[in-house]
Amino acid sequence: MDPEQVDEFVMGYLKKKGFNSAAKHLQESLHNNNGSSFSSIDYPNDPELTKLIRSFSQSENDPSRYREGYSKLRSWGYNSLDLYKHELLRVMYPVFIHCYMDLVGKGHTQEARSFFNSFRKDHEMVHLRDLQKLGGVLAPSHLQEMEFARSLRQSKINIKICQYSYDLLIQYLHRTESTLMLGIINEHINFQVYSGQPNSASDDIEAVTIVGSFHETADHVNQKEIHWGLLEDSLEDRLEKTGGLLSDSEKGQGESKAGDDSKKRSAEIGKQGSSTKKLKKDKAGTATTKVARQETSTVLSSMPRVKPELAMPVMSTDVEESILEDLRNRVQLSSVAMPSVSFYTFVNTHNGLNSSSISHDGSLVAGGFSDSSIKVWDMAKIGQAGSCALQDDNNQIVGKNGRRNYTLLVGHSGPVYSATFSPPGDYVLSSSADTTIRLWSTKLNANLVCYKGHNHTVWDAQFSPFGHYFASCSHDRTARIWSMDRMQPLRMMAGHLSDVDCVQWHPNCNYIATGSSDKTVRLWDVQTGECVRIFIGHRSMVLSLAMSPDGRYMASGDEDGTIMMWDLSTARCITPLMGHNSCVWTLSYSGEGSLLASGSADCTVKLWDVSSSTKLTKAEEKNGNSNRLRSIRTFPTKSTPVHALRFSRRNLLFAAGAYYMSDTVGSIFLNFDRFGIMAVFVNMSRDLRRATCDAIDRRSQIVVRFAVA
Amino acid sequence: MGIVPKETIEVTAQSIGITNLSPEAALMLAPDVEYRVREIMQEAIKCMRHSKRTTLTASDVDGALNLRSLEPSYGFASGGPFRFRKAIGHQDLFYTDDREVDFKDVIESPLPKAPLDAGVVCHWLAIEGVQPAIPENATLEVIRAPADNKIYEHKDGPLIDVRLPVKHVLSRELQLYFQKIAELTVSKSSPALFKKALVSLASDSGLHPLVPYFTNFIADEVSRGLNDFLLLFNLMHVVRSLLQNPHIHIEPYLHQLMPSIVTCLVSRKLGNRFADNHWELRDFTANLVSLICKRFGNTYITLQSRLTKTLVNAFLDPKKALTQHYGAIQGLSALGHTVVRLLILSNLEPYLSLLEPELDAEKQKNQMKSYEAWRVYGALLRAAGLCIHDRLKVFPNLPSPSPSFLHKGKGKIINAEPRKRKLSADSSENQPPHKRLITTDGPDVLRPHDHTGPAPMHVDKPIGNYNLPQNSAQPSSSEQASDGESRNGKEKERGKSRAITMKAILGQIWKDDLDSGRLLVKLQQLYGDRILPFIPSTEMSVFL
């Protein structure tokens, strides 16, 4: 290769990059030093170097180079050593999306699209939802407009990688002169190289979510101190004090107490309506119950105590008495002592039920409908008066006098997305697409207050555990804290990058947790309004949250059916709970925190043993391996997605959902090629009473339809 | 390109009156339109999730448009999700099935029923962790109690080393139910109540835990009560109800049930030989067997072969009693025509030769034996006749190269009619043997018993119109063949007009399937004219 040629390449490179003065200088010096050799490297004989130099001067606008470079890197990654493969493959995804965005940014829409489609399969399993979003980006302006894309472009992605994998990667990139790939990797990936063996593939959850600059801020935020202990002088404390006295006297009459227990339960159940079914005697063994109670009470008392940061509402003595009574009669649950589940099924909702909730004692059920109405059912009344009406005519459940048997609350002007009860059950709080939150009285059956403040649809509103305060969250990406007596919000929590979809109070009232469409859960300090924890790990929209009664753990459920258990203090996921295969709409902890119930769109209620797992994790911390929590029981419903779950104070589990009527059960696909008939579809109605059978010919026309009634 | 091609933009532009849209503009617009659509879908999915649904509806899209402060789409909000139809001749062109409605019809039609108002119903999803078997709950797939015990063992392995005995927990209600049903089955005192019990057995959803108990009970009672005809019959009814119940998974217990069922089919002695109509029980059980084979034959491939083996062994063993032969023949014929053709018809000739002496009243002095022999003969005739009928019925359809479907459907509907006809013919055909028995050498004592005997046997078959008159008209006719011939003649007369076509078809059948033709000839040789009533019925279909 001629030195002149090299000079040409260098010139071309400088000009292309716009270094005109440098190019001029070079030209001048070339003229000056004409003929004299100035290089110490023997470049004419080094073919590698010439190629490299040539590549610099080639036009960078060639879109096919992205595809070429990426596919080379990809095949190299897939053929690398098994031990390091997963670490190297982790690099693929950021390279892939940035290649795509580069192509879009340069206006090669066509190429970008074909590049995207040919390689998206690789990443679909983990990043499906991100890819769906990015797939819509087709013009440079979209890159600016879309927040997700912008945050990806602006920030670097942290990837933990072991020393050897890193060396392998760099070596490869240099050897093959994939300057383009090298550029992308340098620009967008921040390697955190560590020495030693590579991590096992499974435990690195952080690798799967790329949320822009989140990780740094998250790490920073998660350093803050939080006090997750329970409130001082809570009712549980008081119960323990009185309970200590009780237990002395109990010792002599343990049996009778337990018998009393089950009697009370059945009384409670009778109150809830379906008094026709009897409860079996508590077979869990009274002795174990006693032991468990002692254990949990010691556990609870060992928890740290904190002072409330908010002025707490004063509780009337009779309410307090009733709660204490409930707590005293609480049934201890564990993996061997399962709760009873009472299921409230909404019928004839015509797909209009958006949300439902159950009061703490299970006597009231509220539904928020898409026709802007809220309906409240008093189950105790239905149980007494309606039982005969039920038998007479189970299609239309009306009272004896033919009137509807619920209270209709009208006031909103948009679909109602949440309706929840205050802890004593005297208020209902509803939030709607009309951007307002309304407070209703269940005693007066009337609207009391309309809270305006949010700028968009309010997705969720929840009372604090002691009432009076409530939190709301909205499409406007904020969560707000309100008190019942003020029209304006007290605090506003901003920070989520997308809709805030659900909100939940910490049991000590000092924090709220919010789940968002940006796939994170955040914990906010109610007093300061600051974000104190960011939980990263979900792969899709967070739909439900629950706080353990001891205040230490939080569970969150997402759109894919994954439930994650978080340790609040460390902001780490203890373990993901896999089992549901569709949206987890609701989560609830049992009264003493030993069981977690989850309700999902796959028409099941699952019970998870979380007490043993939390014990295990302490041991695990030494071992360093994580094992998954167990699902101990699954209760399938017939065809009812579970919308709401609530453990009563006595640990009876209430569940609610709307019966989903799908007309056809399924179709059987057969292939008859004789007589020109292609296929026969058999559709059977859900009640198995009607069936149709369609024979379809080659022109996909229905030739014959048989109907069986 | 993306989801939205530029043609869509052009079409949309035309539809709103922009005719001079430049192709470049369309090309620029297409990706942006796609982006906007995706954006709206993203918001719509959020709305769907917050409405706690998993299917996207038009109202969700409206919600999304609202969130973006855009005007919602009108006219789509009512009703359920849209049904899209594929446009014929295009790969991926869909349209909503939107029919044109005559305004007059809408006005004149009565008001639709008001939709039912929302309500809440309450039930126990679980009681202390156990799902009660009530109609509101989903049916349990398997009994879970033993499995649960195992899980406990496993997880508490290192801590507790006690092996829990596998215990099947039965609720008190179920225990009572079982006792009551067992009592009713054994007592035979109140048939009305027993019928109700059978209905309950066939329809209740929570009975699955009882299935092992029932199988056990049936096996016990059958082995104990072989002399008790009514008990056996009741037990078989219970089996049938259990099989009918859609909520019960009886497969795992089938192997325990089958011996009892087969016993009721081919046992030498079922109840009193003289006083009880055990033929009826055998027929009933044969139906049961065919039901089981149809339902579970696919999952248990060995089921049918094993069953056939048992039955054929019983059938071909000359030492076995005639009652056993009868049961075996009925069982085999219930298993389908292929079985009959392969197993009965191939052995028909030697068997009939063995049966011959028994049939002859002069040689066989024992009336009972002779009667039994005639029953066996009738069963054989029926099996063979049904088989040949089936073959003849199937053939005319096969050779025609591609009959239009409509035609075939019609043919089927017509075919159903002759079947009934044939059955009636068959029942009348089955009866003559004992008629003859009665008329030739039947003493008066046997007469009432015989009449009560066959009557219930044919309850499930329509008794032929001309059956009864015949009974009275030809009681003295001692010649069986003439009886068959005269009827055959009648039918032939009726079919005279179509005789030519009939013959053509018959000819074609024989040409097409020499085997079946030969079979027919053979049968005719063996049975004489008695087989004929089975044959013309096919042609009658053309006639009708």
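# Terms and values in a predicted two-chain model

User: What makes strand β8 of chain A largely enclosed by the rest of the structure?

Analyst: Five of the six residues of strand β8 (residues 373-378) of chain A are buried, so the rest of the structure largely encloses it. Buried means under 20% relative accessible area, exposed means over 50%, and partly exposed lies in between (1.4 Å probe, protein chains only). A strand is a DSSP run of E with at least two residues, a helix one of H or I with at least four, both numbered from the N terminus. This is a predicted model, in which local features need pLDDT of at least 70 and side-chain atom pairs pLDDT 80 or more, while totals for chains, interfaces and linings use all residues. Residues are numbered from 1 along each chain as its sequence is written, chains are lettered from A and ligands numbered from 1 in the order written, and side-chain values use heavy atoms, without hydrogens or water.

User: How do you know that β7(A) and β8(A) pair?

Analyst: Strands pair if DSSP finds at least two bridges between them. Strand β7 (residues 364-369) of chain A and β8(A) have five bridges, in the antiparallel sense. In one of these, A:Val365 has A:Trp377 of β8(A) as its bridge partner. Three residues lie between the strands of this hairpin, and A:Ser372 takes a positive phi near 75 degrees there.

User: Which strand of chain A do five bridges join to β8(A)?

Analyst: Strand β9 (residues 406-410) of chain A is joined to β8(A) by five bridges and runs antiparallel to it. A:Val376 has A:Thr407 in β9(A) as its bridge partner.

User: What makes strand β10 of chain A mostly covered?

Analyst: Six of the six residues of β10 (residues 416-421) of chain A are buried. β10(A) also pairs with β11 (residues 427-432) of chain A, antiparallel over five bridges, with A:Ser418 opposite A:Ser431. Five residues separate the strands of this hairpin, and A:Gly425 takes a positive phi near 85 degrees in it.

User: Why are β26 and β29 of chain A said to stand at the edges?

Analyst: The open sheet has the order β26-β27-β28-β29 (chain A), with antiparallel pairing. β26 (584-589) and β29 (630-636) each have a single partner strand, so one side of each is left without a neighbour in the sheet. Neighbouring strands of this sheet are turned by 20 degrees against each other on average, direction ignored. Axes for such angles are lines fitted to C-alpha atoms, for helices over the stretch in contact, and angles run from 0 to 180 degrees between N-to-C directions. At β29(A), six bridges join β28 (residues 604-609) of chain A in an antiparallel run, and A:Leu607 stands opposite A:Arg633.

User: Which are the edge strands of the sheet with β22 and β25 of chain A, and what makes them so?

Analyst: This open sheet of four strands has the order β22-β23-β24-β25 (chain A), paired antiparallel. β22 (542-547) and β25 (572-577) are its edge strands, as each pairs on one side only. Five bridges pair β24 (residues 563-567) of chain A with β25(A) in the antiparallel sense, and A:Asp567 has A:Arg572 as its bridge partner.

User: What lies 2.8 Å from a polar atom of the side chain of B:Asn245?

Analyst: The backbone oxygen of B:Asp204 does. A polar contact is a pair of N or O atoms within 3.5 Å; within protein, one must be able to donate a hydrogen and the other to accept it, and residues adjacent in sequence count only if both atoms are side-chain atoms. B:Asn245 sits in the loop between α9 (229-244) and α10 (254-266) of chain B and is buried, with a relative accessible area of 1%.

User: Is B:Leu27 buried or partly exposed, and at what relative accessible area?

Analyst: B:Leu27 is partly exposed, at 49%. B:Leu27 belongs to helix α2 (residues 23-50) of chain B.
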